[in-house]
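I'm opening my notebook on a new structure today. I'll jot down what I looked up, one entry at a time.

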Amino acid sequence: MRYLPWVIERAKQASRRWQNSSPGPDEETRDEERIVRLVFRHCFGRQPDPLEVQACREFLRDSAAAGEDRLADLIQSFFASIDFRYLD
């Protein structure tokens, strides 16, 4: 399911939506954390714990220089997670 074109496109659309909803002149780290918290709330119905925030921020920075849409990749991995598929 994770690599279906439909799922990939939904992750890209969600990434664009949440990147465009972030405030403009904030610090990069605050903005990054805000987006991570927003995505968690929408995907899992809860706030991330501090370790999850840290892991997501590290993931987003890993290939950011390569111009990849790491947020879409992160969202796609959330879509494939057991927590997303079995949300109460």
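This is a predicted model: local features need pLDDT of at least 70, side-chain atom pairs count only at pLDDT 80 or more; totals for chains, interfaces and linings use all residues.

**Entry: a buried arginine**

I started with Arg 57, which is buried at a relative accessible area of 16%. My cut-offs: buried means under 20% relative accessible area, exposed means over 50%, and partly exposed is in between (1.4 Å probe, protein chains only). Residues are numbered from 1 along each chain as its sequence is written, and side-chain values use heavy atoms, with hydrogens and water left out.

**Entry: the partner of Arg 57**

Which residue forms a salt bridge with Arg 57? I found Glu 33, with the closest N and O atoms 3.7 Å apart. For a salt bridge I need a side-chain nitrogen of Lys or Arg within 4 Å of a carboxyl oxygen of Asp or Glu. Arg 57 is in helix 3 and Glu 33 in helix 2, so I noted a link between distant parts of the chain, 24 residues apart. Helices here are DSSP runs of H or I with at least four residues, strands are runs of E with at least two, and both are numbered from the N terminus. Glu 33 is partly exposed, with a relative accessible area of 25%.

I searched the whole structure and got 7 salt bridges. One of them joins the side chains of Arg 61 and Glu 32 at 2.9 Å, N to O. Arg 61 lies in helix 3 (residues 50–62) and Glu 32 in helix 2 (residues 28–44), so this pair ties together parts that are 29 residues apart in sequence.

Then I looked at Arg 46, which has a salt bridge to Glu 52 with the closest N and O atoms 2.8 Å apart. Arg 46 is partly exposed at 32%, and Glu 52 is partly exposed at 22%.

**Entry: rings**

How many aromatic pairs does the whole structure have? My search gave 3. The rule covers rings of Phe, Tyr and Trp (its six-membered ring) with centres within 6.5 Å; planes under 30 degrees apart are stacked, over 60 edge-to-face, and the rest tilted.

Phe 40 and Phe 44 make an edge-to-face pair, 5.1 Å centre to centre with 65° between the planes. Both sit in helix 2, 4 residues apart, about one turn of the helix. Phe 40 is buried at 4% relative accessibility, and Phe 44 is buried at 8%.

Phe 44 also pairs with Phe 78: the ring centres are 4.9 Å apart and the planes at 50°, so I wrote this pair down as tilted. Phe 44 is in helix 2 and Phe 78 in helix 4, so the pair ties together parts that are 34 residues apart in sequence. Phe 78 is buried too, with a relative accessible area of 8%. Ring pairs link Phe 40, Phe 44 and Phe 78 into a cluster.

**Entry: around Phe 78**

What does Phe 78 touch, leaving aside its neighbours within four places in sequence? I listed Val 39, Phe 40, Cys 43, Phe 44, Cys 56 and Phe 84 (contact means heavy atoms within 4.5 Å).

Helix 4 (residues 70–80) is mostly covered, with 8 of its 11 residues buried. Among them are Leu 71, Ile 75 and Phe 79.

**Entry: the core**

A nonpolar core is a set of buried Ala, Val, Leu, Ile, Met, Phe, Trp, Tyr and Cys residues joined through side-chain atoms within 4.5 Å. The largest one has 19 residues, and Val 39, Leu 71, Ile 75 and Phe 78 touch the most other members. Helix 1 (5–21), helix 2, helix 3 and helix 4 each give two or more residues to this core. Helix 2 gives the most, with 7 residues.

**Entry: whole chain**

I counted 5 helices and 0 strands. Buried residues make up 33% of the 88 residues in the chain.
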